[in-house]
Amino acid sequence: MIVVGYNGFTRSAELFGNLYGATGVDRHQLIGHDASAALVVDGEVVAAVEEERLSRDKKTSDFPVSAIRWCLEQAGIGLDDVDVFAFPWRFAPEVVDRTIRDIAAGDMPVVAKFDQLSRTGELFTGMLGRAAVHTDFMTRMDYALDPNRLVLVPHHAAHLMCGAYLAGVRDAAFLVSDGRAETHSAVMGELRRGVMRVFEQGSVGVDDSLAMAYGKITRYLGFVPNNDEYKVMGLAAYAPPPTRNPLLVNAVQLYEDGSYRIFIPGEKKAYYSFFDTLFDADSEKREEFDFRVKVAGLAQHMVEAVTAHQVRVLGAATEFDTLLFEGGLALNCVAGTKMLQRSSFAAMEVGFGASDPGVSIGAAVHVAGLPERPATNRTPYLGPSYDDTEVLAALAEYQDDVVWAELDAAEIVARTVDLLTGKKVVAWFQGRMEYGPRALGNRSILADPRFPDIKDVINLRVKHREPFRPFAPVVLASEAPRIFDLGKKTSSPHMTFVFPVRAEYRDRIPGACHVDGTARIQTVDGAANPELAALLHAFSESTGVPCLLNTSFNVAGEPIVCSPRDALRCFLKTEIDQLVIGRFMIGKKAGKKAGKKAGRKHGQDA
């Protein structure tokens with residue numbers, strides 16, 4: 001069976017912009033963001049790519065034409081060969097009826113109800129309804145799709161099935177929590193023999209979304225909601241644990257069944273006023289770093305308290321000792337790690353596709369069915385790769401600006417270690433692109449974590465981002481327990497958990513140690529990523545430190561690079577010192593400054 005899962009709408013940005021003002025700083029407050037496609041063949045995920053990596057439009061919600069076509073080309077098949085196209089949103093008639101009833105019963109003036117009903121109707125007929133989804137596919141793919149080959153999958157089911165597939169489990173408890181699905185923002189329950197059962201208890205409606213509450217605070221602090229929440233998480237580490245949290249007193253109500261209510265106004269002007277009153281602030285005070293740290297700490301504490309409450313109830317209601325945590329809120333790795341440590345669960349899994357990129361995989365898996373045995377291909381390296389011919393073609397385009405040398409694998413590793421230990425920043429481009437929001441070693445920027453100021457060097461010279469932002473270490477899996485306190489975890493291959501750095505190593509890897517003494521780690525072994533593992537082994541032999549600083553190969557506001565051309569463009573407009581693409585060691589020509597336009601002359605030696 002061949003299934004393509006995909007996420008994205010042609011009109012999402014247009015409709016949410018016109019109907020709800022989702023433009024500018026609110027441009028990601030819409031349905032269908034992180035558009036992508038995934039291909040499942042006979043129960044195995046064989047290809048997946050996010051549309052942004054191909055279109056270069058970060059977090060795009062557009063229909064994923066390029067992503068679908070690439071997945072099909074990767075397998076050497078066409079649209080006619082696909083049995084089912086699976087879409088991870090199901091706004092069924094009963095969902096629409098419930099929405100209409102909720103609006104009618106709402107506490108608002110009649111005129112406001114008619115306005116909301118009108119906007120909801122336009123959104124449904126123009127984008128969310130089955131007919132609109134089907135028409136969107138046929139128009140953008142220029143293909144007459146039999147409607148029986150299009151299956152709409154509930155959004156939270158798609159999240160769960162992605163996590164279950166990647167974890168290789170058919171039986172587990174689950175918590176899915178994100179901004180919104182069709183009617184809920186969070187659900188909990190059990191997966192038994194691959195079948196999802198949602199508990200009646202613990203479900204939380206869209207209006208009480210914890211993720212959206214965190215997004216409002218993200219905006220209030222001057223960041224982009226549904227994009228910059230990780231900045232708030234990073235800022236929170238600078239704050240001491242609160243003795244009293246006004247958010248938990250005035251904005252949150254927890255219930256015994258594991259559900260909760262969020263009492264934060266919906267409109268921007270109203271919730272800004274609410275937060276100003278709650279935090280004794282005004283427009284000037286919001287700009288102060290110490291104030292932002294305080295509020296970020298309170299927001300993070302709120303998330304940790306609410307998720308711990310959910311998991312406590314779930315733990316008491318299930319016999320399973322493994323928890324699957326999926327949805328956008330699962331990327332709050334600080335809360336997730338604490339949640340596991342304080343829970344009754346022995347294990348917790350958060351996949352590399354926990355946020356909305358994962359729903360394309362999950363929708364396809366939902367249709368294909370979870371395999372009886374764990375799938376063999378659960379790697380994040382599911383995207384495009386490029387052969388030497390393609391790399392050389394890209395280099396030829398930039399030959400006025402770069403020089404390069406072709407080396408064997410051992411020479412590449414040795415030269416890279418020399419550069420890293422010399423305090424150089426190296427862009428590392430290998431094999432198939434990783435899937436999801438984290439750079440996992442195939443499209444990464446690497447540095448030596450032993451230098452205390454290396455974080456500032458990369459933030460200023462390379463990433464062009466806020467100085468408080470931390471970087472994550474990638475570490476040999478066999479050595480991780482020696483450097484980090486993993487608690488209940490034995491590994492963290494997808495950079496989805498945060499651990500304390502052991503005291504004896506904090507002075508040895510200061511560049512990868514956050515202000516609170518923690519690090520969001522990626523564990524690697526030779527089976528998962530042989531090139532990166534070889535580099536780590538060589539770096540460890542040279543320095544005695546088996547980890548490197550790892551951040552995504554991009555600059556702020558741009559998607560992670562995908563192709564050699566993307567890599568060269570990013571390399572040339574930043575102060576990255578060296579670029580490695582496969583077996584090519586690439587440097588900048590003498591006198592070339594970051595940002596200069598490429599020329600036309602042959603490169604000699606790197």
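Q: Which residue in β2 does Gly 5 stand opposite?
A: Ala 38. Keep in mind that this is a predicted model.

Q: OK, and how do β1 and β2 run, parallel or antiparallel?
A: Antiparallel, with six bridges joining β1 (residues 2-7) to β2 (residues 36-41).

Q: What's the strand order in the whole sheet?
A: The order is β3-β2-β1-β4-β5, five strands in an open sheet with mixed pairing.

Q: Which strands stand at the edges, then?
A: β3 (44-50) and β5 (150-152). Each has a single partner strand, so one side of each is left without a neighbour in the sheet.

Q: By how many degrees are neighbouring strands turned against each other?
A: On average 20°, direction ignored.

Q: Switching to helices. Which strands does α6 lie across?
A: Helix α6 (residues 130-141) lies across β1, β4 (84-87) and β5. Relative to β5, α6 runs at about 135°.

Q: And α3, at what angle does its axis cross that of α6?
A: Roughly 70°, and the axes of α3 (residues 65-75) and α6 come within 10 Å. The two helices are therefore roughly perpendicular to each other.

Q: Which residues meet there?
A: From α3 you have Val 65, Ile 68 and Arg 69, and they meet Phe 137, Arg 140 and Met 141 in α6.

Q: How many of those are nonpolar, and how many charged?
A: The contact of α3 with α6 has four nonpolar and two charged residues, with no polar ones.

Technical notes
Residues are numbered from 1 along each chain as its sequence is written. This is a predicted model: local features need pLDDT of at least 70, side-chain atom pairs count only at pLDDT 80 or more; totals for chains, interfaces and linings use all residues. Side-chain values use heavy atoms; hydrogens and water are left out. Two strands pair if DSSP finds at least two bridges between them. Helices (H or I, at least four residues) and strands (E, at least two) are DSSP runs, numbered from the N terminus. Axes are lines fitted to C-alpha atoms, for helices over the stretch in contact, and angles run from 0 to 180 degrees between N-to-C directions. Contact means heavy atoms within 4.5 Å. Angles under 35 degrees count as roughly parallel, over 145 as roughly antiparallel, 65 to 115 as roughly perpendicular and the rest as oblique. Ala, Val, Leu, Ile, Met, Phe, Trp, Tyr, Cys and Pro count as nonpolar, Asp, Glu, Lys and Arg as charged, and the others, Gly among them, as polar.
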